[in-house]
Amino acid sequence: MIKLLKVTKQVVVKLADLAMLELRNGESLSIAQALQSKLEHLAIFNEVQTEGVRPLFYVSSAQNVFREDQVGKCLTPQEALANTQENAKGCFKVPRIV
Amino acid sequence: MSVLLDLAGHQLQDLLEKEEISHLELFQTYWARLQSVEPQLKALLTTMEREAKAQAEKLDEQRRGGAVTAPLAGIPLVLADNLCTEGVQTTCASRMLQDFRPPYEATLVGKLRQAGALFMGKSNLAEFDLGLTTEDSAFFATHLPDSSEVACSGAVAALLGREAVGAISNASLNTAGLFGLKPTAGLLSRYGVITATSSLKRLGCLTRNLTDCALILQTICGFDQRDSLSLKRPVLDYRSFLKKDLKGLRIGIWGEITPVLKEISEKLQGEGAICQTVSLAYEQVLLPVYQVLVAAEASSNLARFDGVRYGLRVEAPDLETLYRKTRSQGWGKVVKQQIIEGTYFLSAQQYETYYLKALKLRALIKEEMAQLWGKYDCLLTSLAQTAECPGRILADLTGEPALALPWGSVVALAPFCGEEVLFKVGASLERSYQEGGASHGD
Amino acid sequence: MGTKWETVIGLEIHVELKTKTKIFCACPHEFGARENTHVCPVCLGLPGALPVLNKEVVTDAVLAGLALNCTIELYSKFDRKNYFYPDLPTAYQITQYDQPICRQGYLEIDCSGKKRQIRINRIHLEEDAGKLLHSGTSITTSQYSLVDYNRAGIPLIEIVTEPDLRSPEEARLFLEQLHALLEYSGVSDVKMAEGSLRCDANISVRPFGVQELGVKTEIKNMNSFRALEKALLYEVARQKAVLEAGEIVESETRTWEENEGRTAVMRSKGEATDYRYFPDPDLVPVVLEAEWVAALKDTLPELPQARKQRFIKEFELSAYDAGVLISSRVLAEFFEQTVALYNEPKEVANWIMVEYLGLLNAHNLEIGDSKIKPAQLAGLLQRQKEGKISGKIAKKVFAEMFQSGQDPEEIIKEKGLLQISDEAALVLIVEQVITANSQSVEDYRGGKKKALGFLVGQVMKETKGRANPGLVNKLLKEKL
């Protein structure tokens, strides 16, 4: 059941944290307003009964798609690192984690 | 303008077979055309002159040594810039992937290459295919030929501008005078296709005529073991469907009956089809369901873009700053909005209300369509004026195939693996319009 | 100090499955390869790459579940756990959230004679993350870190127990016995040193008799069975001290610092991350057939407890000895194969437990790394039995076998170690020694029994340890 909550800037800031986005002040507000508007349109969800309906997690009815446990072709470290300049000793490099 | 630019791909193939033109000549004709119209169209983010020319020269050499049997030999195509081309920039029209050169190629690209196609370039799109038109591309907007109208995709503009004969691109959008066939989900491999969504927004083939569409699709459809959702189905001879007759075909007409739609249904009835109006109970929720699912999937599929292994990287003293700044500077407004919304729909408190609910509605929609396909072989709708209209997205929600027709934004829908119906309906109309029954245009 | 406290422990164990390739791509699964040489678009999380499930992984997970008496869920699926970290290439881990492949099993453990059933809540499949190498001594002191994705995508099963364990000792026993069980089932190498078995613990205390669980802390970074026990002992004491001081235990994740012998806070568990779990739309469900599962169950080899009982019955070993021998599948097989060639089970058991395990521990090796073959040990013991070498020499030869992997006959020959049992030869030496050690002779004759031992030692020295000690004893006594 959708209860329309107000999408505040704070809500968007928390979402941005989860999504690792840095939003400037103006952005958070406009995103909040757009989301609020979207939620108002989504209120139509309330009008359709879905009690007892199983969610369609998969469009296809396929099951058990496997591959054999056999070694295939790998990339070389050079190929793997080719799209970044920040690397050392054959590894990807990231700045201070904590 | 060279007459070659007006011929269909299969007609060009005849000329090449008969050696009335060489592959190189054909390439040069298209390349010259591209160079002259690109500045105005801006349909392509990357051109592939070197690769295409080399492919043409290789084919000419093969011909000198004997026959060329590759099914798409010499046919100039454009690829949407979300298809990974090895060593060639693939950006998804986003700053996030500016200068990204994939170390591998999409399965579809490999198939086209082996079939002898020439890749003229990578076409523009909305950033990560999440906006409505190329106005949402991070780089520039594409225009339709002789128009200031913004094109929804670079592929459309490229084809209308005669830069190529066919395109592999998102065929959900307004195809404005082209055929756009989106096969059943799983017939085209998704391996190497960079997409913000997994179960929506599929690729299709865009062409100016339906024979080319059949020709291209039957070359690239087929099982790919690198895609878990790939269908294990035999590849059919789509070209053979073009001549089939429509006697007794049951066609449902859905939505507002525009003049073009009326004209089309009359043509089809003239060929023996039976047309009846239908309504869909869940029509109103199609767009909301689609929007929730697209945003949710996008928020997760786009999480891998963090500056560490590829793409844009904003220098930062610590990891979190690296992530935040890269992700904020790499994407435009539309993408960020989608990510925030998707994160919201998947968040613990909202998951049931939005994401799960949308999937339940999707189940109902699919069930309703299953009932419908018991009574009809094909559905036609003009509820397809803009990119986000129900007619265009129904096929995405069900995984069923769709054919966007060049006239009046009409879309034809068919059940699972019902490409035969789409081809024969489309071909019948194509013949009818060619013979002189002009449409009212868009 | 009046309260009697009860310890409550639950374990979360990650086990690397012993497959040839990763869980969702065909990259090889090998320990110790050069950085980023076992990577591909899929496990690097390149745009457009897609996962495809390794069939073998499903078989292994089900085998583990069957060995642990679980209900095998015929329908299971994969979900995405979304979060950001550099070792996670797609910024989500493919795991199983609400429909894991196995549920509700148990492992019976023997704790000082008491049998306890520790319940398994669930077993699920998931992919491993890459490895981080920090530039500094720890993550908090590093200006940068390096990422190796060889390990990203290695198949894991996560085994979660109910909080049924009641002491650090029980927890260690559980882990040791789980280790043996998994090794026997063949699904994993379970080498803690190589990271193919990792264990985290959730621990809390509560007053005896209270039903409600106390606040728990999560303990990580325990890299051996002993470390697990030590860390939990420390943590129990720490929590008790906190509670007895009238304070509250904070819900935290703590790391075991081996060198300092204490647990330290890693992060507060206050604000749990929202992982936004949802079914992975790039994969399809796994649907198993009951007959297939039943057939798989029949392929399970003899498991540790069953083997232990058989050893006790068949070889008349004590429960303790049997317990030691079955603790590793390789060890148990070594024992049985040796006994098959030299039918003295108690002797073989003793030799293995004392000499062999002694050498292995001293060199910090596992039996699988050793060069000695069952036939070689059988041969050595046979020669000892036949009197060709003495007990002491046998131990020397064994040590040499351990180093070189050579057959005992070769070593005995090369080093000329055959026991001297020729009376005539020994008599000469005995007389020599008696002549050379008159003081000791007098001492002995004077009543000092210990002097005999000295004289025996002298004979042994003369013969480089090869003299038959029993015979030497007899001859000396005769001559004196």
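How much area do chain B and chain A bury between them, and what percentage of it lies on carbon and sulfur atoms? In this predicted model, the two chains bury about 4,700 Å² between them, with 67% of that area on carbon and sulfur atoms. Arg324(B), Ile340(B) and Tyr344(B) supply 14% of the area that chain B buries against chain A, which is more than any other three residues supply. As for the residues that take part, 57 come from chain B and 45 from chain A. The predictor assigns the complex an ipTM of 0.95 and a pTM of 0.92.

The polar side of this interface can be described in terms of residue pairs. Between chain B and chain A there are 17 residue pairs in polar contact, counted where both residues are at pLDDT 80 or more, and 4 salt bridges are found across the interface. One of the residues forming a salt bridge is Lys336(B), whose partner is Glu27(A), with the closest N and O atoms 3.0 Å apart. The elements of chain B that give two or more residues to the side touching chain A are α9 (286-301), α10 (319-330), α11 (333-346), α12 (351-375) and α13 (390-398). Among these, α12(B) provides the largest share, 13 residues. Sorted by class, the side of chain B that touches chain A consists of 28 nonpolar, 13 polar and 16 charged residues.

Chain A also meets chain C, and here the contact involves 55 residues of chain C and 33 residues of chain A. The area buried between chain C and chain A is about 3,600 Å², with carbon and sulfur atoms giving 65% of it. On the chain C side, Lys55(C), Leu146(C) and Val284(C) lose the most area to chain A, and together they account for 14% of what that side buries. For chain C itself, the mean pLDDT is 92, and 99% of its residues reach 70 or more.

By class, the side of chain C that touches chain A has 32 nonpolar, 12 polar and 11 charged residues.

The strand β10(C) also belongs to a sheet with strands from both chains. This open sheet of 4 strands runs in the order β2(A)-β3(A)-β10(C)-β9(C), with antiparallel pairing. At its edges stand β2 (87-88) of chain A and β9 (131-134) of chain C, each of which has a single partner strand, so one side of each is left without a neighbour in the sheet. Where the two chains join, strand β3 (residues 91-95) of chain A pairs with strand β10 (residues 144-148) of chain C in the antiparallel sense, over 4 bridges. Individual bridge partners can be followed along this pairing: Val94(A) has Ser145(C) as its partner in β10(C), while Pro95(A) has Tyr144(C).

Notes
Residues are numbered from 1 along each chain as its sequence is written. Chains are lettered from A and ligands numbered from 1 in the order in which they are written. This is a predicted model: local features need pLDDT of at least 70, side-chain atom pairs count only at pLDDT 80 or more; totals for chains, interfaces and linings use all residues. Side-chain values use heavy atoms; hydrogens and water are left out. Contact means heavy atoms within 4.5 Å. Buried area is the accessible area (1.4 Å probe) that two parts lose on being put together, summed over both. A salt bridge is a side-chain nitrogen of Lys or Arg within 4 Å of a carboxyl oxygen of Asp or Glu. A polar contact is a pair of N or O atoms within 3.5 Å; within protein, one must be able to donate a hydrogen and the other to accept it, and residues adjacent in sequence count only if both atoms are side-chain atoms. Ala, Val, Leu, Ile, Met, Phe, Trp, Tyr, Cys and Pro count as nonpolar, Asp, Glu, Lys and Arg as charged, and the others, Gly among them, as polar. Two strands pair if DSSP finds at least two bridges between them. pLDDT is the predictor's confidence in each residue, from 0 to 100.
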